[in-house]
Amino acid sequence: MLAKVIVVTSGKGGVGKTTTSAAFAAGLALRGHKTVVIDFDVGLRNLDLVMGCERRVVFDFINVINGDANLNQALIKDKRHDNLFIFPTSQTRDKNALKREGVERVMEELKQQFEYIICDSPAGIEHGAITALYFADSAVIVTNPEVSSVRDSDRIIGILASKSRRAERNESAVDVHLLLTRYDPGRVSKGEMLSVDDVKEILSIPLLGVIPESESVLRASNTGTPVVFDEDSPAGRAYVDAVARFLGEQREMRFVTPERRSLFRTLFGRA
Amino acid sequence: MGFFRSLFQPSRPSASIAKERLKIVLAHERASNRAPDFLPNLQKELLAVVGRYVEISEDGLRVTLGSSGDTSLLEINIEIEGGKVKKGGSGPALSAAV
(Lines give C-alpha, C1' and ligand atoms only; values in the text may rest on other atoms or scores of the structure.)
Protein backbone atom coordinates (compact mmCIF):
# COMPACT_ATOMS: atom_id res chain seq x y z
CA MET A 1 0.00 0.00 0.00
CA LEU A 2 1.49 3.33 -0.98
CA ALA A 3 -0.68 6.27 -0.09
CA LYS A 4 -1.68 9.17 -2.25
CA VAL A 5 -0.99 12.53 -0.57
CA ILE A 6 -3.67 15.19 -0.97
CA VAL A 7 -3.15 18.75 0.29
CA VAL A 8 -6.19 20.88 1.12
CA THR A 9 -5.05 24.45 0.66
CA SER A 10 -6.25 27.93 -0.29
CA GLY A 11 -3.83 30.71 0.60
CA LYS A 12 -6.64 32.67 2.23
CA GLY A 13 -7.89 31.84 5.71
CA GLY A 14 -11.45 31.08 6.72
CA VAL A 15 -12.58 29.63 3.39
CA GLY A 16 -13.19 26.09 4.70
CA LYS A 17 -9.89 24.17 4.56
CA THR A 18 -10.37 22.34 7.85
CA THR A 19 -14.07 21.65 7.18
CA THR A 20 -13.06 20.30 3.77
CA SER A 21 -10.17 18.22 5.14
CA ALA A 22 -12.46 16.63 7.73
CA ALA A 23 -15.27 16.03 5.22
CA PHE A 24 -12.95 14.72 2.53
CA ALA A 25 -11.11 12.35 4.85
CA ALA A 26 -14.38 11.04 6.29
CA GLY A 27 -15.80 10.74 2.76
CA LEU A 28 -12.83 8.65 1.60
CA ALA A 29 -13.13 6.46 4.71
CA LEU A 30 -16.85 5.95 4.01
CA ARG A 31 -15.87 4.77 0.54
CA GLY A 32 -13.71 2.08 2.14
CA HIS A 33 -10.30 3.72 1.91
CA LYS A 34 -8.04 3.79 4.92
CA THR A 35 -7.38 7.50 5.39
CA VAL A 36 -5.47 9.74 7.76
CA VAL A 37 -5.98 13.49 8.05
CA ILE A 38 -3.03 15.57 9.30
CA ASP A 39 -3.21 19.04 10.83
CA PHE A 40 -0.30 21.17 9.55
CA ASP A 41 -1.40 24.32 11.36
CA VAL A 42 1.23 24.29 14.11
CA GLY A 43 0.26 26.49 17.03
CA LEU A 44 -3.35 26.84 15.89
CA ARG A 45 -4.61 23.28 16.23
CA ASN A 46 -8.25 22.98 15.17
CA LEU A 47 -8.71 19.83 13.16
CA ASP A 48 -9.12 17.89 16.43
CA LEU A 49 -12.11 20.07 17.37
CA VAL A 50 -13.73 19.81 13.96
CA MET A 51 -13.24 16.02 14.04
CA GLY A 52 -14.54 15.83 17.62
CA CYS A 53 -11.48 14.18 19.15
CA GLU A 54 -9.96 17.12 21.05
CA ARG A 55 -10.08 15.27 24.38
CA ARG A 56 -8.20 12.28 23.02
CA VAL A 57 -5.04 14.12 21.92
CA VAL A 58 -2.04 12.82 23.84
CA PHE A 59 0.90 13.03 21.43
CA ASP A 60 1.14 15.17 18.32
CA PHE A 61 2.95 15.65 15.01
CA ILE A 62 5.91 17.48 16.59
CA ASN A 63 6.31 14.78 19.26
CA VAL A 64 6.60 12.19 16.50
CA ILE A 65 9.04 14.30 14.46
CA ASN A 66 11.22 14.80 17.53
CA GLY A 67 11.08 11.11 18.38
CA ASP A 68 9.27 11.67 21.70
CA ALA A 69 6.45 9.37 20.60
CA ASN A 70 5.93 6.87 17.84
CA LEU A 71 3.39 7.26 15.08
CA ASN A 72 0.83 4.82 16.45
CA GLN A 73 0.83 6.57 19.82
CA ALA A 74 -0.09 9.85 18.16
CA LEU A 75 -2.66 8.65 15.62
CA ILE A 76 -6.25 8.91 16.86
CA LYS A 77 -8.69 6.37 15.51
CA ASP A 78 -12.07 7.90 14.71
CA LYS A 79 -14.94 6.48 16.76
CA ARG A 80 -17.41 6.65 13.86
CA HIS A 81 -15.39 4.86 11.23
CA ASP A 82 -12.66 2.20 11.33
CA ASN A 83 -10.91 3.54 8.23
CA LEU A 84 -10.49 7.05 9.58
CA PHE A 85 -7.53 8.38 11.59
CA ILE A 86 -6.64 11.85 12.84
CA PHE A 87 -3.09 13.10 13.30
CA PRO A 88 -3.22 16.23 15.46
CA THR A 89 -0.64 18.99 15.39
CA SER A 90 1.13 20.66 18.27
CA GLN A 91 0.15 23.85 20.04
CA THR A 92 3.77 24.98 20.26
CA ARG A 93 4.50 28.54 19.23
CA ASP A 94 7.61 27.50 17.34
CA LYS A 95 6.39 27.63 13.75
CA ASN A 96 9.59 26.10 12.43
CA ALA A 97 9.16 22.92 14.44
CA LEU A 98 7.98 21.20 11.25
CA LYS A 99 11.38 20.32 9.85
CA ARG A 100 11.19 19.03 6.32
CA GLU A 101 13.36 15.94 6.91
CA GLY A 102 11.28 15.02 9.95
CA VAL A 103 8.02 15.51 8.08
CA GLU A 104 9.36 13.44 5.19
CA ARG A 105 10.23 10.55 7.51
CA VAL A 106 6.75 10.62 9.08
CA MET A 107 5.07 10.82 5.66
CA GLU A 108 7.01 7.81 4.41
CA GLU A 109 5.91 5.86 7.46
CA LEU A 110 2.26 6.92 6.98
CA LYS A 111 2.41 5.92 3.32
CA GLN A 112 3.04 2.33 4.34
CA GLN A 113 -0.15 2.21 6.42
CA PHE A 114 -2.70 4.28 4.55
CA GLU A 115 -4.30 4.69 1.14
CA TYR A 116 -4.89 8.43 1.44
CA ILE A 117 -3.10 11.09 3.45
CA ILE A 118 -4.99 14.38 3.68
CA CYS A 119 -2.85 17.38 4.64
CA ASP A 120 -4.85 20.22 6.16
CA SER A 121 -2.78 23.31 5.33
CA PRO A 122 -2.62 26.49 7.39
CA ALA A 123 -3.55 29.76 5.68
CA GLY A 124 -0.85 31.91 4.13
CA ILE A 125 2.25 31.04 2.12
CA GLU A 126 4.69 30.67 5.00
CA HIS A 127 6.64 27.64 6.22
CA GLY A 128 3.62 25.62 7.44
CA ALA A 129 1.66 26.04 4.22
CA ILE A 130 4.69 25.24 2.06
CA THR A 131 5.45 22.12 4.14
CA ALA A 132 1.83 21.00 3.84
CA LEU A 133 1.88 21.19 0.05
CA TYR A 134 5.46 20.03 -0.49
CA PHE A 135 4.73 16.27 -0.50
CA ALA A 136 1.41 16.46 -2.37
CA ASP A 137 0.41 14.29 -5.30
CA SER A 138 -2.97 16.06 -5.56
CA ALA A 139 -4.28 19.35 -4.29
CA VAL A 140 -7.77 20.49 -3.43
CA ILE A 141 -7.88 24.28 -3.82
CA VAL A 142 -10.64 25.53 -1.52
CA THR A 143 -12.03 28.78 -2.91
CA ASN A 144 -14.92 31.07 -2.00
CA PRO A 145 -16.67 32.94 -4.84
CA GLU A 146 -15.09 36.19 -3.69
CA VAL A 147 -12.24 38.30 -5.12
CA SER A 148 -9.63 37.89 -2.38
CA SER A 149 -10.11 34.14 -2.15
CA VAL A 150 -9.85 33.66 -5.93
CA ARG A 151 -6.69 35.76 -6.09
CA ASP A 152 -5.05 33.83 -3.24
CA SER A 153 -6.03 30.52 -4.85
CA ASP A 154 -4.29 31.62 -8.03
CA ARG A 155 -1.17 32.39 -6.01
CA ILE A 156 -1.19 29.02 -4.26
CA ILE A 157 -1.69 27.21 -7.60
CA GLY A 158 1.47 28.98 -8.81
CA ILE A 159 3.34 27.93 -5.67
CA LEU A 160 2.26 24.29 -6.14
CA ALA A 161 3.68 24.44 -9.64
CA SER A 162 7.04 25.77 -8.49
CA LYS A 163 7.70 24.79 -4.86
CA SER A 164 6.27 21.28 -4.45
CA ARG A 165 8.53 18.25 -4.36
CA ARG A 166 7.12 17.12 -7.70
CA ALA A 167 8.11 20.48 -9.21
CA GLU A 168 11.58 20.36 -7.64
CA ARG A 169 12.18 16.86 -8.96
CA ASN A 170 10.76 17.64 -12.41
CA GLU A 171 8.13 14.92 -11.94
CA SER A 172 4.60 15.15 -13.34
CA ALA A 173 2.83 18.16 -11.86
CA VAL A 174 0.63 18.06 -8.76
CA ASP A 175 -2.90 17.25 -9.81
CA VAL A 176 -4.92 20.35 -8.83
CA HIS A 177 -8.69 20.47 -8.26
CA LEU A 178 -11.00 23.40 -7.58
CA LEU A 179 -13.50 23.09 -4.75
CA LEU A 180 -15.83 26.06 -4.57
CA THR A 181 -17.28 26.49 -1.08
CA ARG A 182 -19.90 28.75 0.54
CA TYR A 183 -21.68 29.00 -2.79
CA ASP A 184 -25.01 30.79 -2.85
CA PRO A 185 -26.86 30.02 -6.13
CA GLY A 186 -29.54 32.60 -5.31
CA ARG A 187 -27.03 35.42 -5.11
CA VAL A 188 -25.25 34.13 -8.22
CA SER A 189 -28.49 34.27 -10.21
CA LYS A 190 -28.94 37.89 -9.12
CA GLY A 191 -25.43 38.78 -10.30
CA GLU A 192 -24.24 39.42 -6.77
CA MET A 193 -21.72 36.60 -6.59
CA LEU A 194 -19.12 35.11 -8.95
CA SER A 195 -20.52 32.00 -10.61
CA VAL A 196 -18.89 28.54 -10.81
CA ASP A 197 -18.13 29.22 -14.46
CA ASP A 198 -16.56 32.60 -13.66
CA VAL A 199 -14.19 31.06 -11.11
CA LYS A 200 -13.41 28.10 -13.36
CA GLU A 201 -12.60 30.47 -16.20
CA ILE A 202 -10.35 32.67 -14.07
CA LEU A 203 -8.39 29.90 -12.35
CA SER A 204 -8.58 27.44 -15.27
CA ILE A 205 -8.27 24.27 -13.23
CA PRO A 206 -10.77 21.36 -13.25
CA LEU A 207 -13.75 21.61 -10.93
CA LEU A 208 -14.09 18.93 -8.25
CA GLY A 209 -17.23 20.21 -6.60
CA VAL A 210 -19.40 23.06 -5.40
CA ILE A 211 -20.35 23.14 -1.73
CA PRO A 212 -23.42 25.29 -1.07
CA GLU A 213 -23.54 27.74 1.81
CA SER A 214 -25.33 25.67 4.41
CA GLU A 215 -26.33 25.91 8.04
CA SER A 216 -25.28 22.31 8.49
CA VAL A 217 -21.57 23.24 8.23
CA LEU A 218 -21.65 25.26 11.46
CA ARG A 219 -23.79 22.59 13.10
CA ALA A 220 -21.19 19.99 12.10
CA SER A 221 -18.28 21.91 13.60
CA ASN A 222 -20.32 22.75 16.71
CA THR A 223 -20.73 19.06 17.37
CA GLY A 224 -17.36 17.88 16.07
CA THR A 225 -18.83 15.75 13.29
CA PRO A 226 -17.49 15.82 9.72
CA VAL A 227 -20.37 17.16 7.62
CA VAL A 228 -20.49 14.07 5.35
CA PHE A 229 -21.95 12.13 8.28
CA ASP A 230 -25.02 14.39 8.11
CA GLU A 231 -27.03 12.76 5.34
CA ASP A 232 -29.68 15.48 5.30
CA SER A 233 -27.18 18.23 4.74
CA PRO A 234 -26.81 19.66 1.21
CA ALA A 235 -23.15 20.49 2.01
CA GLY A 236 -22.58 16.94 3.23
CA ARG A 237 -24.07 15.48 0.06
CA ALA A 238 -22.03 17.88 -2.07
CA TYR A 239 -18.85 16.66 -0.32
CA VAL A 240 -19.85 13.03 -0.91
CA ASP A 241 -20.19 13.88 -4.63
CA ALA A 242 -16.82 15.63 -4.65
CA VAL A 243 -15.13 12.58 -3.10
CA ALA A 244 -16.81 10.33 -5.70
CA ARG A 245 -15.51 12.58 -8.50
CA PHE A 246 -12.05 12.49 -6.95
CA LEU A 247 -12.25 8.70 -7.13
CA GLY A 248 -13.02 8.96 -10.84
CA GLU A 249 -16.81 8.80 -10.91
CA GLN A 250 -18.98 11.05 -13.06
CA ARG A 251 -21.54 12.91 -10.98
CA GLU A 252 -23.76 15.75 -12.00
CA MET A 253 -23.16 19.05 -10.14
CA ARG A 254 -25.93 19.60 -7.61
CA PHE A 255 -26.77 22.70 -5.60
CA VAL A 256 -25.62 25.13 -8.31
CA THR A 257 -29.03 26.51 -9.22
CA PRO A 258 -31.36 28.33 -6.83
CA GLU A 259 -33.51 25.95 -4.85
CA ARG A 260 -37.22 26.32 -5.53
CA ARG A 261 -38.70 26.74 -2.08
CA SER A 262 -42.10 25.28 -1.58
CA LEU A 263 -44.86 27.41 -0.14
CA PHE A 264 -44.87 25.16 2.89
CA ARG A 265 -41.19 25.78 3.58
CA THR A 266 -41.51 29.50 2.99
CA LEU A 267 -44.35 29.68 5.47
CA PHE A 268 -42.97 27.39 8.11
CA GLY A 269 -39.25 28.20 8.09
CA ARG A 270 -36.22 26.54 6.68
CA ALA A 271 -35.34 22.90 6.86
CA MET B 1 -31.00 61.14 -7.36
CA GLY B 2 -29.92 57.58 -6.72
CA PHE B 3 -33.43 56.45 -7.42
CA PHE B 4 -33.55 58.17 -10.82
CA ARG B 5 -30.12 56.94 -11.73
CA SER B 6 -31.11 53.38 -10.98
CA LEU B 7 -34.28 53.82 -13.05
CA PHE B 8 -32.53 55.00 -16.18
CA GLN B 9 -29.12 53.45 -15.85
CA PRO B 10 -29.37 49.94 -14.50
CA SER B 11 -26.19 49.30 -12.51
CA ARG B 12 -23.85 46.55 -13.63
CA PRO B 13 -24.00 43.35 -11.58
CA SER B 14 -21.20 43.45 -9.02
CA ALA B 15 -20.17 39.88 -9.89
CA SER B 16 -19.18 40.94 -13.39
CA ILE B 17 -17.15 43.83 -11.99
CA ALA B 18 -15.42 41.33 -9.69
CA LYS B 19 -14.64 39.04 -12.60
CA GLU B 20 -13.16 41.80 -14.72
CA ARG B 21 -11.03 43.15 -11.86
CA LEU B 22 -9.73 39.68 -11.06
CA LYS B 23 -8.80 39.00 -14.67
CA ILE B 24 -6.77 42.19 -14.85
CA VAL B 25 -4.96 41.80 -11.55
CA LEU B 26 -4.19 38.11 -12.11
CA ALA B 27 -2.86 38.67 -15.62
CA HIS B 28 -0.41 41.13 -14.12
CA GLU B 29 0.54 38.99 -11.12
CA ARG B 30 1.03 35.82 -13.14
CA ALA B 31 3.46 37.65 -15.42
CA SER B 32 5.49 38.99 -12.50
CA ASN B 33 5.47 35.68 -10.62
CA ARG B 34 6.85 33.99 -13.68
CA ALA B 35 9.82 36.37 -13.77
CA PRO B 36 12.97 34.25 -13.65
CA ASP B 37 15.03 34.13 -10.46
CA PHE B 38 18.14 35.57 -12.08
CA LEU B 39 16.75 39.10 -12.42
CA PRO B 40 17.80 40.38 -8.97
CA ASN B 41 21.32 39.00 -9.43
CA LEU B 42 21.61 40.41 -12.92
CA GLN B 43 20.56 43.76 -11.56
CA LYS B 44 23.20 43.62 -8.81
CA GLU B 45 26.01 42.66 -11.17
CA LEU B 46 25.02 45.27 -13.74
CA LEU B 47 25.00 47.87 -11.01
CA ALA B 48 28.54 46.92 -10.02
CA VAL B 49 29.89 46.92 -13.57
CA VAL B 50 28.17 50.07 -14.80
CA GLY B 51 28.99 51.77 -11.50
CA ARG B 52 32.70 51.56 -12.31
CA TYR B 53 32.25 53.86 -15.28
CA VAL B 54 29.39 56.19 -14.43
CA GLU B 55 27.73 57.34 -11.24
CA ILE B 56 24.47 55.55 -10.73
CA SER B 57 22.31 54.96 -7.71
CA GLU B 58 20.78 51.66 -6.73
CA ASP B 59 17.29 52.63 -7.85
CA GLY B 60 18.60 54.20 -11.03
CA LEU B 61 18.82 50.77 -12.63
CA ARG B 62 15.76 48.77 -13.57
CA VAL B 63 15.70 45.37 -15.19
CA THR B 64 12.44 43.92 -16.46
CA LEU B 65 11.58 40.95 -18.57
CA GLY B 66 8.50 41.45 -20.66
CA SER B 67 7.00 39.68 -23.58
CA SER B 68 4.83 40.51 -26.52
CA GLY B 69 3.58 37.65 -28.62
CA ASP B 70 6.42 35.22 -29.25
CA THR B 71 9.31 37.47 -28.36
CA SER B 72 10.73 38.15 -24.93
CA LEU B 73 12.21 41.51 -24.21
CA LEU B 74 14.87 42.09 -21.58
CA GLU B 75 14.72 45.75 -20.78
CA ILE B 76 17.50 47.51 -18.89
CA ASN B 77 17.06 51.13 -17.92
CA ILE B 78 19.98 52.99 -16.39
CA GLU B 79 19.70 56.49 -15.05
CA ILE B 80 23.02 58.33 -14.82
CA GLU B 81 23.20 60.73 -11.90
CA GLY B 82 23.80 64.25 -13.14
CA GLY B 83 25.42 62.85 -16.26
CA LYS B 84 28.69 62.20 -14.41
CA VAL B 85 31.11 59.94 -16.21
CA LYS B 86 34.02 58.51 -14.24
CA LYS B 87 37.35 58.97 -15.99
CA GLY B 88 38.84 55.86 -17.45
CA GLY B 89 36.79 53.57 -15.27
CA SER B 90 38.04 52.22 -12.00
CA GLY B 91 37.94 48.50 -12.54
CA PRO B 92 39.41 45.95 -14.89
CA ALA B 93 38.54 46.42 -18.51
CA LEU B 94 35.70 44.28 -19.69
CA SER B 95 34.80 43.41 -23.20
CA ALA B 96 31.46 41.99 -24.04
CA ALA B 97 30.13 40.36 -27.11
CA VAL B 98 26.40 40.21 -27.57
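Predicted model: local features only at pLDDT ≥ 70, side-chain atom pairs only at ≥ 80, totals over all residues.
Residues are numbered from 1 along each chain as its sequence is written, and chains are lettered from A in the order in which they are written. Local features need pLDDT of at least 70 and side-chain atom pairs count only at pLDDT 80 or more, while totals for chains, interfaces and linings use all residues; side-chain values use heavy atoms, without hydrogens or water.

The axes of H6(A) and H7(A) come within 10 Å and cross at roughly 60 degrees. Axes are lines fitted to C-alpha atoms, for helices over the stretch in contact, and angles run from 0 to 180 degrees between N-to-C directions. The pair is therefore oblique; angles under 35 degrees count as roughly parallel, over 145 as roughly antiparallel, 65 to 115 as roughly perpendicular and the rest as oblique. A:Ile130, A:Leu133 and A:Tyr134 of H6(A) meet A:Ile156, A:Ile159, A:Leu160 and A:Lys163 of H7(A). Contact means heavy atoms within 4.5 Å.

H7(A) also reaches chain B. Helix H7 (residues 147–163) of chain A packs on helix H2 (residues 14–33) of chain B at about 25 degrees, with axes 10 Å apart. That angle makes H7(A) roughly parallel to H2(B). From H7(A), the contact uses A:Val147, A:Val150, A:Arg151, A:Asp154 and A:Arg155. Among the H2(B) residues there are B:Leu22, B:Leu26, B:Glu29 and B:Arg30.

Next, the cores. A nonpolar core is a set of buried Ala, Val, Leu, Ile, Met, Phe, Trp, Tyr and Cys residues joined through side-chain atoms within 4.5 Å. The largest has 56 residues, of which A:Phe61, A:Phe87, A:Met107, A:Leu110 and A:Ile117 touch the most other members. H7(A) gives the most to this core, with five residues. Leaving aside neighbours within four places in sequence, A:Met107 contacts A:Val5, A:Ile38, A:Ile117, A:Cys119 and A:Phe135. Apart from this core lies another, of 35 residues, among them A:Ala22, A:Leu28, A:Ala220 and A:Phe246.

Methods
Helix = DSSP H or I, 4+ residues; strand = E, 2+ residues; numbered from the N terminus. Buried < 20%, exposed > 50% of the residue type's maximum accessible area, 1.4 Å probe, protein only.
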